[in-house]
Amino acid sequence: MEMESLPNGNSVAAVVAAAAAAAAAAPSSKFNQLAESLKLEHQFLRVPFEHFKKSIRANHRIVEKEMSAVISGVADAANADLSGDEAVHHLNSLVSRLQGLKRKLEEGSRTEHLQAQKCRARLDHLESADADNLSEWNNTRLKRILVDYMLRMSYYDTAMKLVESSNLQDLVDIEVFHEAKRVIDALQNKEVAPALAWCAENKSRLKKSKSKFEFQLRLQEFIELVRAENNLRAIAYARKHLAPWGATNMKELQRVMATLAFKSNTECATYKVLFEPKQWDYLVDQFKQEFCRLYGMTLEPLLNIYLQAGLSALKTPYCYQDDCTKEDPLSQDGFRKLALPLPYSKQHHSKLVCYITKELMDTENPPMVLPNGYVYSTKALEEMAKKNGGQITCPRTGFICNSSALVKAYIS
């Protein structure tokens, strides 16, 4: 993902590099581990800066709108033939408008200050990373990753409790996810107004990324009018809100307009699917994609990404068999589902681990085969035979034999 420049001219990559350089005096192995950790913090810096820039743009639009209205009002008053009382009343209304603008700017300034403070806190957090406090720093990062996961999964109350108990207010994006929650809740209730308002707030950014999210919302609103058999309103709505999209989305537009003739109870699969409830689920998923793209977030929760990185080193065909050992994380259905799209780990040399002792079987502790075909380490079987007077019991099948029946295993 391309990294954008920060307001002071430094790129996000440069800030991360500077934070990594702060630990230059650390031992080589720990420093390398720290540097690799900092490379993954792009989203950690990107999200608050995008939120900060969005607030600045919103405040700038308010100033432009209000100042343009006031200047226009002054010009109209100058050109109009007003009496003294009318002029005073007009000027008082303009002064009131300017006072309202001042209050909005003060509120906006406080918001910007808090967001700038959050950006500064995150930079300080990255700069504080040091090999000496790496364990504590990683513990904080783990909590941040858990909060990110809970917010994405809509566990807002639990996330807030973890944030408050760990004092992570400046290191997580509660406000950003609350903004998304309002839109998602509305779409799940089959309301498009909050989503359209969000599109209007971010119109320039969405246009730059060639997003079709607003168009999909307009199509759904048209479909709901057809479902309610309010055809005249649907046609008027299409002329006002859908016609401007005709040049770039004519096929989708023609398909949706045909629902005026086919109605909501049609059995034609091409048009029946447009009236199904899953269309709202599709809009929720599309909003999440646009929202993450807007703020530079990963679409997958960070927790999933980190877990998949580890699971990719553990995944083997044996992990999906019924007799997979319970100590293997991939014996759990949740981890199996998460690792499903991952490739199998490439093992240049096979490693055998004893089922009993969990120790590696090698030349110092070679594998031994029981008559029933199960393999365990020499050390484990010798200890078992010593305790049981020369008898060995297979822990997985209950098969009993004497130590003299053991055969050394040869693995090709």
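Helices and strands are taken here as DSSP runs, numbered from the N terminus. In these terms, S345 sits in the loop that joins helix α17 (333-339) to strand β1 (352-353). Leaving aside residues up to four places away in sequence, S345 is in contact with S312, A313, L314 and K315. With one of these, A313, there is also a polar approach: a polar atom of the S345 side chain is 3.3 Å from the backbone oxygen of A313.

Confidence in the model can be considered next. Across the protein chain the mean pLDDT is 83, with 88% of residues at 70 or more. Among the elements, helix α10 (residues 213-227) has the highest mean, 94, while helix α1 (residues 12-21) has the lowest, 41. Over residues 1-27 pLDDT remains under 50, and the model shows 41 contacts beyond four places in sequence for that stretch. Where pLDDT is low, predicted coordinates should not be read in detail.

Attention now turns to empty space. Rolling a probe the size of a water molecule over the atoms shows where such space is left. In this structure there are 3 cavities of 30 Å³ or more. The largest cavity has a volume of about 190 Å³ and a lining of 17 residues, with Q43, F44, R144, D148 and L302 nearest its centre. At least two lining residues of this cavity come from each of α3, α5 (134-152) and α16 (302-314). Of these helices, α5 provides the largest share, 6 residues. By class, the lining of the largest cavity comprises 10 nonpolar, 2 polar and 5 charged residues.

Helix α3 makes the largest contribution to the lining of the second largest pocket, 7 residues. The classes here are 7 nonpolar, 6 polar and 8 charged residues. Both domain 1 (39-77 + 88-169) and domain 2 (177-299) supply at least three residues each to the lining of the second largest pocket.

Note on methods: Residues are numbered from 1 along each chain as its sequence is written. This is a predicted model: local features need pLDDT of at least 70, side-chain atom pairs count only at pLDDT 80 or more; totals for chains, interfaces and linings use all residues. Side-chain values use heavy atoms; hydrogens and water are left out. Helices (H or I, at least four residues) and strands (E, at least two) are DSSP runs, numbered from the N terminus. Ala, Val, Leu, Ile, Met, Phe, Trp, Tyr, Cys and Pro count as nonpolar, Asp, Glu, Lys and Arg as charged, and the others, Gly among them, as polar. Domain bounds come from an automatic or database domain assignment. A polar contact is a pair of N or O atoms within 3.5 Å; within protein, one must be able to donate a hydrogen and the other to accept it, and residues adjacent in sequence count only if both atoms are side-chain atoms. Contact means heavy atoms within 4.5 Å. On a 1 Å grid over the protein atoms alone, a cavity is a set of points where a 1.4 Å probe fits but cannot get out, and a pocket is an open set with protein on both sides within 12 Å along at least five of seven lines; lining residues have an atom within 4 Å of a point. Grid points are joined across faces, edges and corners, and a volume is the space filled by probe spheres set on the points. pLDDT is the predictor's confidence in each residue, from 0 to 100.
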